[in-house]
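Please consider the sequence and the three-dimensional model shown here. The paragraphs that follow begin at a single residue and then turn to the sheet.

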Amino acid sequence: MTDAATDTYDTLAIERHDDGYAVVTLNRPEALNALNSALFRDLAAFLDAVEHDDTVRCLILTGSGDKAFAAGADIKEMADQTYAQMYTANFFALGHDRITRFRKPIIAAVNGFALGGGCELAMLCDFIVASEKAKFGQPEINLGVAPGIGGSQRLTRLVGKSKAMDMVLTARMMDAEEAERAGLASRVVPHDTLMDEVRKIAARIAAQSPLAVMANKEMVNAALETTLTQGVQFERRLFHSLFAFEDQKEGMGAFVEKRKPAFKGR
């Protein structure tokens, strides 16, 4: 069930749900949800609004319409820009940096084309659930440019150098089955049930201790940035720290007592 909408943005549609998650829909269907500066400003503003909102513990990010998650960055906005203008504006930095700083989980529900910036936006999320109709790609080379929102870096880390180099240099698209097999998507579901399935996932995450969720997200992300020894030490310290919270006592107590835990985020 959806609460009354209280969030109004020009490029996003927001649904807050009473079981602890929100659905953020990229809402530029006339442009296949192409990413422009206005959309990134709206997305950053919404993330600011819910960062410390205890009623939103998980986000779903998806695209409006039936064809695209996001077909790429808005080429019309960029085509006439000079190097000085792009450099001064630090183009793409706002959206990229704000998403990477967001501490709560974001699930990408990829319902169609996720190309260029769309693929990069999906990879910025914590994991991807793909419709069987989803298509992923980094076709920037067709425009005489390159990925600019982390595509060459995250794609390589997720699928390996050979497959990433193939996609970046040839602009070929990867279908949902290949994306799951390669490690880009966590799972593939039927197109017509995509949002139902992702809502179940989001509700399950939202029902966990929000403190433990944030800590687990930090741990997994650290694996991409540290050595194994450093990563395990970081994991162990965060594991120890969770014993300072009431939620740890509640969770373990509920397990021993064979009941469902009631986490309170403290």
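Leaving aside residues up to four places away in sequence, aspartate 74 touches Arg28, Ala34, Leu35 and Asn36, where contact means heavy atoms within 4.5 Å. The model is a predicted one, in which local features need pLDDT of at least 70 and side-chain atom pairs count only at pLDDT 80 or more, whereas totals for chains, interfaces and linings use all residues. Residues are numbered from 1 along each chain as its sequence is written, and side-chain values use heavy atoms, with hydrogens and water left out.

Aspartate 74 lies in the loop between β4 (68-70) and α2 (75-78); helices (H or I, at least four residues) and strands (E, at least two) are DSSP runs numbered from the N terminus. With a relative accessible area of 12%, aspartate 74 is buried, a term that means under 20% relative accessible area with a 1.4 Å probe and protein chains only. The side chains of aspartate 74 and arginine 28 are joined by a polar contact of 3.2 Å (a pair of N or O atoms within 3.5 Å; within protein, one must be able to donate a hydrogen and the other to accept it, and residues adjacent in sequence count only if both atoms are side-chain atoms).

Six strands form an open sheet with mixed pairing, in the order β1-β2-β3-β5-β7-β10; two strands pair if DSSP finds at least two bridges between them. Because β1 (12-16) and β10 (187-189) stand at the edges with a single partner strand each, one side of each is left without a neighbour in the sheet. Strand β7 (residues 127-131) pairs with β10 in the parallel sense over three bridges, and alanine 130 stands opposite valine 188 in β10.

Notes. Buried < 20%, exposed > 50% of the residue type's maximum accessible area, 1.4 Å probe, protein only.
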